[in-house]
Amino acid sequence: MLLCLTANHRNASLDVLERLSVGAPTATRALVEDEFFVSGAVVLATCNRFEAYLDIDEPLTGGEAVAVESVVEAMAEASGVSADLLRASVAVHSGADAAAHLFAVTSGLESVVVGEDEISGQVRRALDAARADGLTSGELERLFQKATHTSRGVRNRTQLRGAHRSLVRLALELASSRVPDWGTARVVLVGTGRYAARTVDALRARGAGDIHVFSPSGRAEAFAAQRGLIPVTDFAAAAAQADVVITCTADAVVHADAFVPGHRVLVIDLGLPRNVDPAVGAVQAVELLDLETIRLHAPLEQFNAHADARAIVGDAATEFHADREAGPAITALRRDVLKIVDDEIARARSRGAGDDVEAALRHLAGVLLHRPSVRIKELAVEGRIDDARAALELLHGLSADAPAPVADDDGLWATA
């Protein structure tokens, strides 16, 4: 059984996430080595996210509840966070839901900035670290490989990868009716990540040159030096002189008390979740342009990209679960057919047949296995795997009760 425990920027404080990112790696090995029902674990820990993916041995009475409690206690102790606080900060996914969650995470759909591609590399490095420590399992390997494949599909088949760049441009187009001349406008940018860099490019394409940058995490000076910007350390003072403030950061939320009533300024909030308290829009002479407003003016395909990506993730999760369900049935059929082929090869060899006969027979076996294997997987997707099992028993006298499968090199299935 797959189990995922997740805490992220939506349901946990940055302090909890930071402690988990430090303490989680030391707890992971103990989970696999000391808990008899945990056969594998991969932990993804970043400043905005903590994910623990576990392969739980079955059958186990109350397995999910026992596993969750064990993981919470181990992580709490290793991270110096109270178990009660951690329970309140963690969401739990199991089975197909755990797969769907990982696929969405790897595709950037659960990130602070939706669609960002850094997370796919972080997921890959988390798996590499677990491999190096000997903590993965066949099921987790298959899960993470499918996640990487799904992430590529989202990037290649949707417009999500370029959505942020387009959103920035659209926001600046909407703002142009309020900014008479970008060349003379003073802009304060909040944020120093990749999204902020794209925003700088879009501003310069509009002719903006007086760009100041503020970083809640103290990275403004280095970011500004690389891009010829002006770093600022006092956001309120900078905002009091600005014509436009643009936010795109995961580090802070801008509140109304940072603005001077009566000073005319356009605030553009490009953060997701929002970087600007909606109360800012009520400050005298301050106009707030956020993603909800931008969404109303965006081309339909701009936001259809997210829906398309979610559909790809959902299909991938369904396929992953179906493969797991179909595996034992395909394994049983494959084993039966290949035994017949091996017997026939041995008989042909005894009569003087050569390698060409064996190759022909093995090719024929592959051809014969392909169509029923595909159909079994289709039935699994449709939720009719019991029909496939019944057919195998009726027509071949085969039982499909076998261990969970892992894919072998030729794309067929073998038992773990």
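Is Arg310 buried, exposed or partly exposed? Partly exposed, at 33% relative accessibility. Keep in mind that this is a predicted model.

Let's stay with Arg310 and look at its partner. Arg310 forms a salt bridge with Glu110. The closest N and O atoms are 2.9 Å apart. Glu110 is a buried residue, with a relative accessible area of 14%. Now place the two in the chain. Glu110 sits in the loop between helix H4 (96–106) and H5, while Arg310 belongs to helix H12 (residues 300–350). The two parts are 200 residues apart in sequence, so this pair ties them together.

Next, a pair within one helix. Asp343 and Lys339 meet through their side chains in a salt bridge, 3.2 Å from N to O. How many residues apart are they in helix H12? Four, which means about one helical turn separates Asp343 from Lys339. Asp343 counts as partly exposed, at 37% relative accessibility. Lys339 counts as exposed, at 52%. The cut-off for exposed is over 50%.

Arg349 is partly exposed, with 34% relative accessibility. Asp355 is exposed, with a relative accessible area of 57%. This pair also belongs to a network. Salt bridges link Asp342, Arg349, Asp355, Glu358 and Arg362.

Across the whole structure, the search finds 18 salt bridges. I have picked out a few.

Now to helix packing. Take H5, residues 118–132, and H6, residues 138–157. Their axes come within 11 Å. They cross at roughly 165°. Angles over 145 degrees count as roughly antiparallel, so H5 is roughly antiparallel to H6. What is the handedness of the crossing of H5 and H6? Left-handed.

Which residues make the contact? From H5, they are Ser120, Val123, Leu127 and Arg131. From H6, they are Glu141, Phe144, Gln145, Ser151 and Arg155. Sort the contact by class, and you get three nonpolar, three polar and three charged residues.

To recap. Glu110 and Arg310 tie together parts that are 200 residues apart in sequence. Asp343 and Lys339 pair within helix H12. Arg349 and Asp355 are part of a salt-bridge network. H5 and H6 run roughly antiparallel, with a left-handed crossing. That's the tour. Thank you.

Notes: Residues numbered from 1 in each chain as written. Predicted model: local features only at pLDDT ≥ 70, side-chain atom pairs only at ≥ 80, totals over all residues. Heavy atoms only, no water. Axes fitted to C-alpha atoms, helices over the stretch in contact; angles between N-to-C directions. Parallel < 35°, antiparallel > 145°, perpendicular 65-115°, else oblique. Left-handed = near helix turned anticlockwise from the far one by under 90°. Contact = heavy atoms within 4.5 Å. Nonpolar A, V, L, I, M, F, W, Y, C, P; charged D, E, K, R; others polar. Salt bridge = Lys/Arg side-chain N within 4 Å of Asp/Glu carboxyl O. Buried < 20%, exposed > 50% of the residue type's maximum accessible area, 1.4 Å probe, protein only.
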